[in-house]
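User: I'm new to this one, could you walk me through a few spots?

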Amino acid sequence: MKLKSTVVPVLAAFAISGCHFIAQASPSKKSLSEDVKITRTEHGIPHIQAKSLFGLGYGNAYAQAQDHACILADGYVRVRGERAKYLGPHKNGQDNFFVSLDLGYKIIDLHGRVAREYNNLSADTRALANGFAAGYNQYLQDVKEGKAELAPACSGKAWVTPIDGVDVVASVLASATQNSIGRLLVQILQANPGTGNEWLPTIAKQERQVEKPWLMASNTDYKPKQLTQGSNGWALGHEVTSNGRGLLLANPHFPFNGSLRFWANHASVEGDFSTMGASVIGVPGIVNIGFNEDLAWTHTYSVARHEVVYQLELNPQNPLQYKFDGQWVDIEKKQVNVEVLTPMGVLTMKKDYFTTPIGYVIEDQKNFPWDGKNAYVVRDTNIDNLGGIDHWLAMNRATNLDSFIDTFKNHDGLAFNNTLVADKLGEVFFIDDSNVPDITPVGEELLRSHPVISEVYKKTKLAVLPGTSSALVFQQEVPYERAPKLRRQDYVQNANNSYWLTNLENKLNGHSPLYGHVDYKQTRRTRYNLNLMRFARGADGRFDRHELERIVTGTSASFELHKPTVMATCVLYAGQTLAVTDTLSMPVNPTCEAFAKWDGKFNANSKSAPLAKEFFNLLTDEDLVVQFNASFPAVTPSIVKAEKSTLIKLLAASKQLENAGFAIDSTLGELQYLQKGDRRIPWPGADHHSGGFNIFSTTNAMDLTSFAPSYSAPIREVLDPTWPTRTGLSTDGYPVNYGSSWMMVVGFNEHGPQARGLLTYSQSNNPNSPHFTDASEHYAAGKGLIDLPYTDVQIKQGKISEMTLTVKKD
């Protein structure tokens with residue numbers, strides 16, 4: 001169910017409720033108990049076989065808790081806004097991390113929103129959520145009784161507590177809002193009509209006077225990084241596949257740790273559906289990216305916007321009033337409280353925040369100042385999006401392409417995804433059905449052509465519109481009929497650029513600018529995707545499953561095509577010393593000799609691959625001969641310049657490596673690694689800015705867990721401040737925290753789905769689990785994907801463990 005705003009004003013939608021309730025499972029009249037079987041196969045993938053949705057949620061939660069109880073527990077406390085109560089205000093030093101996020105989650109009140117609507121959710125959603133809560137709680141009970149264990153990160157911690165169905169749905173809602181209003185929490189906290197630190201929270205009145213009340217630390221500018229995901233997704237139809245049936249490649253790029261981590265599983269409900277694939281941790285029972293007997297689908301992160309910032313025109317006489325439809329409307333001040341563990345015990349902190357019928361007031365002095373003329377509010381399509389569980393359940397149940405497409409007509413629960421699907425008959429479909437604000441034609445025109453508004457949108461990807469009229473304030477999301485979509489028999493693809501080049505032979509356009517731009521330069525990774533689609537087919541000019549597997553696990557990158565030009569330029573300047581900066585000159589030969597050792601791949605044993613990576617990340621369009629041409633978007637810009645300026649950046653790249661303490665001809669595995677407990681695993685794979693497909697990154701912004709590991713800060717000895725610094729190179733090298741996660745290739749034949757996959761960072765985050773490193777070592781050794789057992793016979797043959805849970809429903 002998607003709760004839509006009706007008309008402005010809608011202040012009630014932003015009310016804060018202090019009351020919650022415990023969601024109980026409704027007893028079944030037919031049976032008060034059910035046996036759920038969990039069979040694990042290679043690398044610990046659980047196959048959950050149940051007789052009801054409640055049982056599926058129960059077994060799924062128990063298996064998830066075996067692998068990820070600490071991540072689940074931390075996430076529930078985070079969404080409730082209670083981490084500072086247990087952990088204090090700070091995560092690292094005096095960063096106010098926990099108290100800032102607690103206050104933010106209390107203000108947007110995701111948990112309260114779900115609690116108020118829980119009884120109105122579908123019976124299916126409540127069955128899955130209640131079952132999941134019961135299974136998770138049973139696991140905690142088994143831990144208490146010594147029958148199960150928690151990982152060291154949360155063993156014995158007071159914040160590991162039982163949950164209810166509201167917690168489960170609120171966790172899914174938090175994922176839906178994490179890159180819209182979820183990344184503006186600090187701006188919501190800072191909103192205040194005052195000119196100083198009036199926005200800071202204060203200690204609520206205590207029963208006894210405290211001589212030195214605890215105050216927020218001086219570091220009050222904590223800013224969460226923008227949380228973005230990536231992915232490659234291909235759905236191939238009968239015109240381009242070897243056996244004339246559908247083929248799917250799934251390659252989501254997600255964080256390696258935290259609540260957005262993937263978890264492989266097989267969900268089966270007797271007489272209902274059987275779906276295998278992977279889901280984000282905390283999703284109850286169902287599969288997010290996967291396949292069944294008839295279909296295979298994947299998601300990629302959409303570039304569409306899910307929120308609009310509205311600029312308010314303030315009353316010169318009253319900063320708490322703004323003009324709307326010719327009338328002065330009040331900005332309302334409200335308050336939330338959070339509990340914070342301090343040296344003086346647990347204190348209650350209170351915080352004022354400001355809201356309007358349009359949305360929450362936000363402020364930062366650089367971009368959104370609350371001054372005498374203007375204030376800014378954010379309005380989010382996903383803040384009441386409670387339909388995600390129903391939508392994915394409908395996908396799991398779909399039996400043909402038409403019924404799969406109908407899920408988008410009947411549900412609107414996908415918050416930020418594109419969807420690509422292939423059926424067993426060889427048809428494919430793409431849709432960007434992320435929740436996009438349905439702004440009016442006037443608003444669309446402002447985003448396209450207004451000299452200021454359009455430039456702000458292009459540069460910041462934030463839509464900032466006037467908030468002076470109801471004609472500009474959206475009331476719902478774009479309906480299915482007007483969403484970008486394409487049904488084909490050859491292919492659809494996406495690599496996180498807009499819908500425009502879903503298919504090169506059938507370019508899409510004409511949709512709301514909030515879905516992203518058309519006729520614009522594609523990223524290096526998207527261009528590589530498009531060219532692999534055209535030129536990486538086998539001798540028959542078609543793809544088979546093995547070719548897709550080589551692509552998804554490959555270590556090449558498009559920028560390897562620049563190596564011959566660079567080497568020719570090295571010959572031109574051989575023996576010379578070039579001025580890299582005003583104070584630094586470097587000889588050409590040592591760096592060129594090192595670059596010559598690079599084999600053009602990003603294997604763990606590829607010498608000088610870090611040098612290539614640093615070099616390619618310094619290159620910009622100015623270093624290329626051919627600039628972007630919208631008529632040739634897959635191959636422009638291209639061709640590196642055979643000039644001294646190119647060699648200067650190669651020299652700078654080598655200096656960066658030396659500054660970090662590494663030899664310039666080091667292998668990739670000496671620098672790029674996955675840390676698993678005490679084990680440092682050399683890690684193959686390219687990166688986004690080198691034009692890779694199977695990519696990895698050091699970024700750690702999406703791991704919001706309280707126990708997220710800390711890493712050495714990236715070096716900042718950049719030789720030219722105008723050059724980008726985006727590899728994350730540190731004195732430790734490249735610690736991998738993000739990238740190719742769940743890899744999956746699915747085809748079909750007369751016997752059904754033929755699937756292989758791999759969870760690169762392994763199934764469990766518990767260091768004591770046998771599945772903490774096994775899949776990671778498998779990937780690092782270059783062994784490719786593994787078979788995914790789907791039928792009962794395959795599961796029995798691949799069984800490594802089995803347990804049966806008796807689910808009590810009374």
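What follows is a short chat about some residues and their surroundings.

Analyst: This is a predicted model, in which local features need pLDDT of at least 70, side-chain atom pairs count only at pLDDT 80 or more, and totals for chains, interfaces and linings use all residues. Residues are numbered from 1 along each chain as its sequence is written, and side-chain values use heavy atoms, with hydrogens and water left out.

User: Where is Gln675, and is it buried or partly exposed?

Analyst: Gln675 sits in strand β26 (residues 672-676), strands being DSSP runs of E with at least two residues, numbered from the N terminus. Gln675 is partly exposed, with a relative accessible area of 31%, where partly exposed lies between buried (under 20%) and exposed (over 50%), using a 1.4 Å probe and protein chains only.

User: Which backbone oxygens does the side chain of Gln675 reach?

Analyst: The side chain of Gln675 reaches the backbone oxygen of Gly677 at 3.0 Å, and that of Arg679 at 3.4 Å.

User: Switching topic, what is the phi of Asp109?

Analyst: Asp109 has a phi near 55°, a positive value in a residue other than glycine. Most residues other than glycine have a negative phi. Asp109 lies in the loop between α3 (97-108) and α4 (110-117), and counts as buried at 8% relative accessibility.

User: And what about the phi of Ser608?

Analyst: The phi of Ser608 is near 65°, also positive, and Ser608 is buried, with a relative accessible area of 0%.

User: Is the peptide bond from Thr636 to Pro637 cis or trans?

Analyst: That bond, from Thr636 to Pro637, is cis, with omega near 0°, and Pro637 is in the loop between β24 and β25 (638-640).

Definitions and conventions. Helix = DSSP H or I, 4+ residues; strand = E, 2+ residues; numbered from the N terminus. Polar contact = N/O pair within 3.5 Å; in protein donor to acceptor, adjacent residues only side chain to side chain.
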